[in-house]
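Trainee: I am new to this model. Please take one part and go through it closely with me.

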Amino acid sequence: MSSREKILATCTANKPALVDLPQLSDEHLTHYDDKIAQFKLILEGIGGKVVALENIEQVKEEIAIHKQSGEFVVDTVFNTDDALKAQTSFDLERVDRAYLQATLGVAENGSVWLYEAQMGNRLLPFICQHLFIVLDKATLVDNMYQAYQKLQVQETGFGVFIAGPSKTADIEQSLVIGAHGARSLTVYLV
Amino acid sequence: MSNLKTLDHAAAAEIFIKDEARTDWHDDTLWFVRQKRDKAVHGIAEWEQLREWASEIKNHTLSNLDNYLIAFEKQAEANGIKIHWAADALEHNQLMHKILKDNNISRIVKSKSMLTEECHLNDYLKKQGIEVVDTDLGERIVQLRDEAPSHIVLPAIHLKKQDVSETFHEHLHTEEGNNDPQYLTEAARQHLRDHFIQSELAITGVNFAIAETGGFVVCTNEGNADMGAHTAKIHVACMGIEKIIPKTEHLGVFLRLLARSATGQPITTYSSHFQKPRSGQEMHIIIVDNGRTKQLGRADFRNSLKCIRCAACFNTCPVYRRSGGHSYHTAVAGPIGSILNPNLDMKANADLPFASTLCGSCSNVCPVKIDIHEQLWKWRQVIVEEGYVKPEKKIAMKGMAWLFSNPKVYRWAGKSGRWFLRTMPFLGNNKLNVWYKQREMPEAPKQSFHDWYQQNKNK
Ligand code: SF4
């Protein structure tokens, strides 16, 4: 018998009688009167920054300024460049700033969801030094239950919830920002 | 059968607590993490509802585990992921070694995975001449020191910053005596970036595997799992069979519970959902049993397979906090480790279910409602029954059982015990009494509760 068959057969023999799956519902969960305020409160509490913008043009201007000053800026909000996909870790390691659009934000925990297509390259949001996310404030949901109701996780190769900059507290529980991934996260609410 | 290992939990703990200041510090540090957990939990009105759902989802999954594993395999393969099955630790290690050999790979990074620790993968590969670089900061620290992690979420929690500074000075050539965590973390960041960028194969664990979609989720705060997995041309994820959940929507329950229970964060920084390999990449999953199906068949201990490895039970356990993770001599320490390990090897781990006060705090904090302290109590009975305890303990336990089941003798023994303790305290406070070690014996009351109750009940 192969290990696969052995494992499955033992599972079948040893499992208890079938128990029902609970019915999840949004009714039992907390809803927020002001989702924007809650999102900001939580994300800033875990080291992220939230900036409310009048319009998205402001992001465009900011990108132009940093590009001009010689920084390596990758932007997939205004620019969908297929070449990004083929870039290796050697190329992307030098990225100073990455600007990406998120699908939705979650008020309860300050996270934003990104599909692979919004990253241009799976490695980008992790390897860049500073990460900037553009989020439409109308997409904010209360909690993770609502988030999964809206997402089609299985329709993408990779997707991620990001909540704040990379961090660690592995040295005597002192919080240090910027362990391996982005050293800062700024969410632009438009 | 009293032929136990050279150093059991109590003996190892005794060495740990010799350094009183460090023991106090270890205790306080973990209590601080426990308090962060409490604060996060109190901010969620529906916490008990979430625990209930999590527990029910896991109960359901275990009751249909074979079918969910089959569904998961089918979906994952349809997504282009290669699935392997390992009956035990050795087969897991051999499968990994084969993937490395077939692809002629030498540069490997690994993000935190308790399963690979359980299987002793690093040691196995080292013997084959293959070096694996652990990339979680805490794991890297203990790896450089040639130690095992002492905690499943905070692998280097037993170390002080001076220890880390010395280790980094020796291996990464950081400034001698510079103990600044910021400086030390930055040094590790640069050192590990070089490894990420050149890695050919990345090993990760799996926090949740979704039967319906064939995808899986990995949670980290540092982003190290992603740095490895998205760089390397091969990604191998290792999962125990109990990591399965039925549907994506169930993640909405578990992701809310996991980080809050572990570190008091609302969610980990990165919750990465892997579905398909990126173009040109190979993705493998090794599904491991290693005693889990056997535990599934033990009705009293089955519940332990619901564990999501948050370590809340470690941080709250008064014994863990004061004896340190290494005293448990197993990859998964703490209260839950003391339930899982006797299943793997009852003789080698017969001491662990006794490393608890049975105070029940572990069961109270457990986000998936495992009856941890009750299972510890049940293991003690099984272990005594099977003859895996030292003779002194066996006699004492048998004696206690007899005493408690004979009320008249119990009352007489209480009376004489109280009289002895009051009139001749030196009989209790001496080295022959193992209970006197690290304890003052209590002052005995004049009257027992039973007598007091008899006198007062009709007043
Ligand atoms: S037993 Fe419960 S509290 Fe302990 S690590 Fe597992 S899930 Fe967390």
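Trainee: At what angle do the axes of helix H8 and helix H9 of chain B cross?

Mentor: Remember that this is a predicted model. Start with the two helices. H8 of chain B covers residues 137–144, and H9 of chain B covers residues 161–172. Their axes come within 10 Å and cross at roughly 70 degrees. Angles from 65 to 115 degrees count as roughly perpendicular. H8(B) and H9(B) are therefore roughly perpendicular to each other. The crossing of H8(B) past H9(B) is left-handed.

Now look at the side that each helix brings to the contact. H8(B) supplies Leu137(B), Ile141(B) and Leu144(B). They meet Val164(B), Thr167(B), Phe168(B), His171(B) and Leu172(B) of H9(B). Sort the residues of this contact by type: 6 are nonpolar, 2 are polar and none is charged.

H2 of chain B runs over residues 20–42, and H12 of chain B over residues 251–263. Their axes lie 6 Å apart, and the packing angle is about 140 degrees. H2(B) and H12(B) are therefore oblique to each other. From H2(B) come Val33(B), Lys36(B), Arg37(B) and Ala40(B). Facing them in H12(B) are Arg260(B), Ser261(B), Ala262(B) and Thr263(B). This contact divides into 3 nonpolar, 2 polar and 3 charged residues.

Next, step out to where the chains meet. Chain B puts 96 residues into the contact, and chain A puts in 71. The size of an interface is often given as the accessible area lost when the parts come together. Here chain B and chain A bury about 6900 Å² between them. Carbon and sulfur atoms account for 62% of that area.

Side chains of opposite charge can pair when their charged atoms come close. Between chain B and chain A, the count is 5 salt bridges. Asp66(B) also forms a salt bridge with Lys15(A). The closest N and O atoms of Asp66(B) and Lys15(A) are 3.0 Å apart.

Finally, take the whole structure. Over all chains, a search finds 27 salt bridges. Arg97(A) and Glu62(A) meet in a salt bridge, at 3.4 Å from N to O. This pair links distant parts of the chain, 35 residues apart. Arg97(A) sits in strand E3 of chain A, residues 97–101. Glu62(A) sits in helix H3 of chain A, residues 57–68.

Note on methods: Residues are numbered from 1 along each chain as its sequence is written. Chains are lettered from A and ligands numbered from 1 in the order in which they are written. This is a predicted model: local features need pLDDT of at least 70, side-chain atom pairs count only at pLDDT 80 or more; totals for chains, interfaces and linings use all residues. Side-chain values use heavy atoms; hydrogens and water are left out. Axes are lines fitted to C-alpha atoms, for helices over the stretch in contact, and angles run from 0 to 180 degrees between N-to-C directions. Helices (H or I, at least four residues) and strands (E, at least two) are DSSP runs, numbered from the N terminus. Angles under 35 degrees count as roughly parallel, over 145 as roughly antiparallel, 65 to 115 as roughly perpendicular and the rest as oblique. A crossing is left-handed if the near helix is turned anticlockwise from the far one by less than a right angle, and right-handed if clockwise. Contact means heavy atoms within 4.5 Å. Ala, Val, Leu, Ile, Met, Phe, Trp, Tyr, Cys and Pro count as nonpolar, Asp, Glu, Lys and Arg as charged, and the others, Gly among them, as polar. Buried area is the accessible area (1.4 Å probe) that two parts lose on being put together, summed over both. A salt bridge is a side-chain nitrogen of Lys or Arg within 4 Å of a carboxyl oxygen of Asp or Glu.
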